[in-house]
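The briefing that follows goes through one structure by topic, beginning with a question about helix packing. Please keep the sequence and the coordinates at hand while reading.

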Amino acid sequence: MNIKDGKNTGKAIFGIKDIVRVFSSFSVSPAKAIGKKNGDLSFWSFVLPALTYIFFAIQLVIDRFSFVPTMSGIKALLTVFISLIVGCAMGLISSWLLYSVLNLKAIKSDFQCVLLCSNLSYIIPFIVSLMGLLVRLIFNVPTTITFGISALLFTLIPYGRLVKELLKKEILWYIFVVAANGILTVFAVNLILFSVN
Amino acid sequence: MVKINKNSVVGMASLVIFCIFAIMNVQGGVLKYVLFGFLHLILSAATFVCLTFVMEKPGKNIKDPSAYWCDLAPFAVILVLASLIAGWDFYIIFYFIGMVYLVLNETFFRLNNGLTFKDIDLYKPVFVGIGSVILYVVLSFAGGSPV
């Protein structure tokens with residue numbers, strides 16, 4: 001299988017309307033992005049994991065301000081900054097993990113393309129995380145676990161579909177890649193939880 | 001009749017892991033452990049049999065109609081590792097996401113392989129998957145689970 005970027009006759013992604021349309025169809029199946037001319041988008045796709053983690057951190061910080069009197073503004077800012085770094089790192093690590101396994105199994109791939117597809121798996125978590133933040137702000141109920149952590153774990157659904165699509169018959173490698181990404185997500189969440197304490 | 005193959009064993013093992021975590025989190029006396037342990041085992045067995053029945057019947061023209069069980073395995077692995085390494089016990093969330101993923105992924109896979117909504121009777125796998133999650137959540141909370 002060849003998943004080289006830009007070799008296909010796929011339509012180029014350009015305007016905002018196109019981005020919204022394409023992103024909505026990619027949200028469940030990120031592998032559809034394969035073959036699209038997407039050179040610039042692979043960098044901007046980092047916005048998705050970064051914002052997902054930032055929204056989670058903001059929910060966490062608001063919860064802390066409600067329950068912990070010693071919580072300070074600097075600590076809150078630091079937590080949000082760490083979540084930005086963690087979000088970008090997670091986007092990069094999860095795509096690198098998949099890219100490495102694809103190379104190991106001699107499946108031709110382009111890193112930019114894998115990066116875009118991997119980051120597109122954060123569309124649904126991004127929406128869920130944003131919803132959580134809005135629910136937190138409007139109804140003033142704790143949403144860190146119900147929306148925040150769940151949203152981050154929801155990444156595994158589209159990511160799993162992407163991995164299965166690319167590693168069709170390699171069941172053990174598929175389980176390994178998805179489980180490894182899940183464990184990394186757990187560690188990322190733990191790091192943010194640790195930074196706020 | 002339920003056929004047992006490699007994929008089914010993986011699915012069964014995953015369900016057993018979720019079942020063990022649910023039983024481990026029961027709060028109360030021995031009688032409650034035995035009662036909820038038994039109920040969780042029944043639920044796991046029923047989920048296995050019902051999913052096999054509704055998923056494998058319309059998958060006859062698919063090369064490996066039991067491959068969907070492998071979708072649940074990563075979530076069981078993550079649950080075990082997250083519990084051992086990071087001390088997480090959000091087992092209900094993992095079960096929910098695992099089941100949603102299993103049903104969603106297999107539905108898309110079958111639709112992409114020439115089957116129609118009518119062929120796969122979409123409501124049946126969704127009903128079994130969501131029903132299993134609801135019963136799992138109800139049993140976990142009735143057993144006194146903190147998560």
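Which residues in H3(A) meet which residues in H7(A)? In this predicted model, Thr52(A), Phe56(A), Gln59(A), Leu60(A) and Asp63(A) are the residues of H3(A) that take part, and their counterparts in H7(A) are Thr144(A), Phe147(A), Gly148(A), Ala151(A) and Leu152(A).

**Helix H7 of chain A and its surroundings**

- The axes of H3(A) and H7(A) are 10 Å apart and form an angle of about 160°; since angles over 145 degrees count as roughly antiparallel, the two helices are therefore described as roughly antiparallel to each other.
- The crossing in which H3(A) passes H7(A) is left-handed.
- Nine of the eleven residues of H7(A) are buried, so that this helix is mostly covered.
- The buried set in H7(A) consists of Thr144(A), Phe147(A), Gly148(A), Ile149(A), Ser150(A), Ala151(A), Leu152(A), Leu153(A) and Phe154(A).
- Within chain A, these buried residues of H7(A) pack against helix H3 (47-67), helix H6 (123-139), H8 and H9, and they also pack against H4 of chain B.

**Make-up of chain A and confidence**

- Chain A contains nine helices and two strands, and their order along the sequence is β-α-α-α-α-β-α-α-α-α-α.
- Chain A has 197 residues, of which 47% count as buried.
- Among the contacts in chain A with a separation of 6 or more, 77% come from residues 24 or more positions apart.
- Chain A has a mean pLDDT of 83, with 80% of its residues reaching 70 or more.
- Among the elements of chain A, the highest mean pLDDT (92) belongs to helix H4 (residues 73-104), and the lowest (48) belongs to strand S1 (residues 2-3).

**Contact between the chains and the nonpolar core**

- Chain A gives 20 residues to the contact and chain B gives 18 residues.
- On the side of chain A that touches chain B, the elements giving two or more residues are helix H7 (144-154), helix H8 (156-166) and helix H9 (171-196) of chain A.
- H9(A) supplies the largest share of that side of chain A, namely ten residues.
- The largest nonpolar core has 87 residues, and those with the most contacts inside it are Ala57(A) and Val163(A) together with Phe18(B), Leu79(B) and Ile97(B).
- Not counting residues up to four places away in sequence, Ile97(B) touches Leu153(A), Phe154(A), Leu156(A) and Ile157(A) in chain A, as well as Phe75(B) in its own chain.

**Helices H3 and H4 of chain B**

- Helix H3 (residues 73-86) and helix H4 (residues 91-112) of chain B pack with their axes 9 Å apart, at an angle of about 165°, and that angle makes H3(B) roughly antiparallel to H4(B).
- H3(B) and H4(B) cross in a right-handed manner.
- Where H3(B) and H4(B) meet, Phe75(B), Ile78(B) and Leu79(B) come from H3(B), while Tyr91(B), Phe94(B), Ile97(B) and Gly98(B) come from H4(B).

**Two partly exposed residues of chain B**

- Ile130(B) belongs to helix H6 (residues 123-142) of chain B, and this residue is partly exposed because 14 other C-beta atoms lie within 10 Å.
- From C-alpha to C-alpha, Ile130(B) and Met99(B) are 7.5 Å apart in space, although 31 residues apart in sequence.
- Pro65(B) lies in the loop between helix H2 (30-56) and H3 of chain B, where it counts as partly exposed because it has 19 C-beta neighbours inside 10 Å.
- Pro65(B) and Ala45(B) are 20 residues apart along the chain, and their C-alpha atoms are separated by 19 Å.

**Backbone angles to inspect in chain A**

- Most residues other than glycine have a negative phi.
- Ala106(A), which is not a glycine, has a positive phi of about 60°; this residue is found in the loop between H4 and strand S2 (108-109) of chain A, and it counts as exposed because it has 6 C-beta neighbours inside 10 Å.
- Asn140(A) is another residue other than glycine with a positive phi, near 55°; Asn140(A) is found in the loop between H6 and H7 of chain A, and it is exposed because 10 other C-beta atoms lie within 10 Å.

Note on methods. Residues are numbered from 1 along each chain as its sequence is written. Chains are lettered from A and ligands numbered from 1 in the order in which they are written. This is a predicted model: local features need pLDDT of at least 70, side-chain atom pairs count only at pLDDT 80 or more; totals for chains, interfaces and linings use all residues. A nonpolar core is a set of buried Ala, Val, Leu, Ile, Met, Phe, Trp, Tyr and Cys residues joined through C-beta atoms within 7 Å. A residue is buried if 20 or more other C-beta atoms lie within 10 Å of its own, exposed if 12 or fewer, and partly exposed in between; C-beta atoms are placed from the backbone. Two residues are in contact if their C-beta atoms, placed from the backbone, lie within 7 Å. pLDDT is the predictor's confidence in each residue, from 0 to 100. Helices (H or I, at least four residues) and strands (E, at least two) are DSSP runs, numbered from the N terminus. Axes are lines fitted to C-alpha atoms, for helices over the stretch in contact, and angles run from 0 to 180 degrees between N-to-C directions. Angles under 35 degrees count as roughly parallel, over 145 as roughly antiparallel, 65 to 115 as roughly perpendicular and the rest as oblique. A crossing is left-handed if the near helix is turned anticlockwise from the far one by less than a right angle, and right-handed if clockwise.
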